[in-house]
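Welcome! Here is a short briefing to read alongside the sequence and the 3D view. Take a look around first, then follow the topics below.

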Amino acid sequence: MPRTDRTPPRAPRPAPASGTRAPPGASARRLRLRDRFAAGARHHRETAARSLVRLATAPVQSLMTVLVIAIALALPTALYLVVASLQQLAGGLDAGNRLTLYLHQDAAPKAIDGLLAQLREHASVSAVQFISAEQGLAEFKASSGFGDALDLLDRNPLPPVAVVTARDQPSAAALTALADEFAKLPPVDEVQIDTQWVARVNAIAAIGRQAVLALATVLALGVLLIVGNTIRLAIENCREEILVVKLVGGTDAFARRPFLYMGFWYGLGGGILSWVMVAAGRWWLHYPVDRLAALYQSQWSLARLGVVELLVLAIAAGALGAMGARLAAGRQMSAIEH
Amino acid sequence: MIRFDQVCKRYPGGHDALSEVSFALRAGELAFLTGHSGAGKSSLLRLIMLLERPTQGQILINGRGLGRLHRSQIPHYRRNIGVVFQNHHLLLDRSIHDNVALPLRVSGYRASDVARRVRAALDKVGLLAREHSKPLELSSGEQQRVGIARAVVHTPRILLADEPTGNLDPELSMEIMKLFSDFSDIGVTVLIATHDISLIEAMGRRQLQLRNGRLVAGSDADAAD
């Protein structure tokens, strides 16, 4: 009478003969979907808890595995922190505070005086330095070594320049806005922001981001292998249990589940521990970094690892662990038959 | 319920464990499978449990050929069979209750049903009081009875037993046999592999006798249709 579909048999069974006690409930074998779902959820809970307990029974070995995973994850996380700090450096707090205003060559001295007065009174400006066309040429002659050649020019090619230092440390956006504002003033021909170094830092950060991605990929693969290997051993130690589960009609998925949870716990533990490691490293480094920043009159500091990073790390590592376990359990599970 | 049709099982290496075995068991029938060790008793049971596939011939369970069952259907098929193993196959790190509950858990029974059925099955083998013990705290005979409780807890349609009385004294063996007999009375097809001759004679049931992989007595010609 064996049925092979997913619902257990529900054909009526012969009534128990008098004198025998069949296990009760024999006539109500039909399992409703809701009950099966509840039983499934319960099974997941129990399996998850049992797997955790099993890890706790071999604490040293479990801790070693978690530690290896944590170290593997801490490397890309630390690099991520460095890159994030770099980006902060480039994008926010200290984007330079100097604007170079090139004025029209034929601007009247009176207009230039008006402009300088206007700039000095501007709320966002802390200092203005004026370099006339003649001063500029003299400086250029002195510094470039083209002195005699420049004498051949029949007129001074350099424009008068006003170098404006902004008050405080405006963000890159604020500095750009200021530049746009000044560019509209009549004697101003062109405004240049001294942002080249910002672009360079951004480019370095972009390389760093790529490196984080590559490193994270490689080390994620490493975590898969670590968990996979550990789970392979665990399965080997639990042959008997898997065999019994399969003999009483447990599916491969059912037999596999404890090991997937085991992998998940390994990953989760490794993820959380890696966060702790990197956070500790950051704490260790942030005093000297702050001191260095202070020497540059900068408010800049190392980026922080927050709760979001903790969650991302823990969940991603947990998923990696479960995946590693799944890969390891796949073929091994179906090989255990007798 | 169980029907073998010219079944052969040859293991890699050329050893023929079973040759042209044919017999049929009706629903509710109880039969003994006898023969010296190596005669093919275990192989026959393994074929019914789909731990192995026959090299030739056909096995029909309730009219369905096992050859057509896909791998993924095997777990669901096995839920209709209860098996008592010679070496118990109990999980040592779990309580007696959890061991007996396993077949129900894999089928997704409701928690309340699980508890009720497990207690009923343990009561039947006289071990209700040991529900929370671990297997190693029990004697070998008691472990065997736990194995029987686990085999019947989900009221299977077929009950297979491999030397179920191997570790029991004659008195206890008789009790266990009485249990099996009760199950066959309520319609369960029971097949017991044993070489406990005195027991078989005391029971007076059908006997399938294997010798070197061939069925030498108890086939369809002698007994059931």
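In β5(B), which residue is the bridge partner of B:I61? It is B:R64, and the topics below put that pair in its setting. This is a predicted model, in which local features need pLDDT of at least 70, side-chain atom pairs count only at pLDDT 80 or more, and totals for chains, interfaces and linings use all residues. Residues are numbered from 1 along each chain as its sequence is written, while chains are lettered from A and ligands numbered from 1 in the order in which they are written.

**The two chains**

- Chain A has 10 helices and 4 strands, where helices (H or I, at least four residues) and strands (E, at least two) are DSSP runs numbered from the N terminus.
- Chain B has 7 helices and 10 strands.
- In chain A, 28% of the 338 residues count as buried; a residue is buried if 20 or more other C-beta atoms lie within 10 Å of its own, exposed if 12 or fewer, and partly exposed in between, with C-beta atoms placed from the backbone.
- In chain B, 46% of the 225 residues count as buried.
- The C-alpha atoms of chain B fill a box of roughly 45 × 40 × 35 Å, taken along the principal axes.
- A compact globule of 225 residues would have a radius of gyration near 17 Å, and chain B agrees with its 17 Å; this radius is taken over C-alpha atoms, and the globule rule is 2.2 Å times the number of residues to the power 0.38.

**Strands pairing in chain B**

- β4(B) (residues 56-61) pairs with β1(B) (residues 2-10) in the antiparallel sense over 5 bridges; two strands pair if DSSP finds at least two bridges between them.
- One of the residues involved is B:R3, whose bridge partner in β4(B) is B:L60.
- β4(B) is also joined by 2 bridges to β5(B) (residues 64-65), and these two run antiparallel.
- β4(B) and β5(B) form a hairpin with 2 residues between them, and B:N62 in the turn has a positive phi of about 50 degrees.

**The sheet in chain A**

- Four strands of chain A form an open sheet in the order β2-β3-β1-β4, with antiparallel pairing.
- Its edge strands are β2 (125-131) and β4 (188-193), each pairing on one side only.
- From one strand to the next, the twist averages 20 degrees.
- As a general point, strands of a sheet pair through backbone hydrogen bonds, either parallel or antiparallel.
- β2(A) is joined to β3(A) (residues 161-166) by 6 bridges, and A:F130 has A:A162 as its bridge partner in β3(A).
- Helix α3(A) (residues 109-121) lies across β1 (98-103), β2 and β3 of chain A, running at about 160 degrees to β2(A); axes are lines fitted to C-alpha atoms, for helices over the stretch in contact, and angles run from 0 to 180 degrees between N-to-C directions.

**An enclosed helix in chain B**

- Helix α5(B) (residues 140-152) has 13 residues, of which 11 are buried, so this helix is largely enclosed by the rest of the structure.
- Among its buried residues are B:V146, B:I148 and B:A149.
- The buried residues of α5(B) pack against β6 (81-84), α3 (96-107), α4 (111-124), β7 (158-162) and α6 (170-185) of chain B.

**Nonpolar cores**

- The largest nonpolar core has 112 residues, and those with the most contacts inside it are A:V223, B:A149, B:L159 and B:F180; such a core is a set of buried Ala, Val, Leu, Ile, Met, Phe, Trp, Tyr and Cys residues joined through C-beta atoms within 7 Å.
- Helix α9(A) (residues 252-295) gives the most to this core, with 13 residues.
- A second, separate core of 13 residues includes A:L101, A:L175, A:L178 and A:V191.
- Leaving aside neighbours within four places in sequence, B:F180 is in contact with B:L30, B:L159, B:A161, B:V190 and B:I192; two residues are in contact if their C-beta atoms, placed from the backbone, lie within 7 Å.

- A:D148 lies in helix α5(A) (residues 147-151) and is exposed, with 8 other C-beta atoms within 10 Å.
- A:G269 lies in helix α9(A) and is buried, with 23 other C-beta atoms within 10 Å.
- The C-alpha atoms of A:G269 and A:G318 are separated by 7.8 Å, although these residues are 49 residues apart along the chain.
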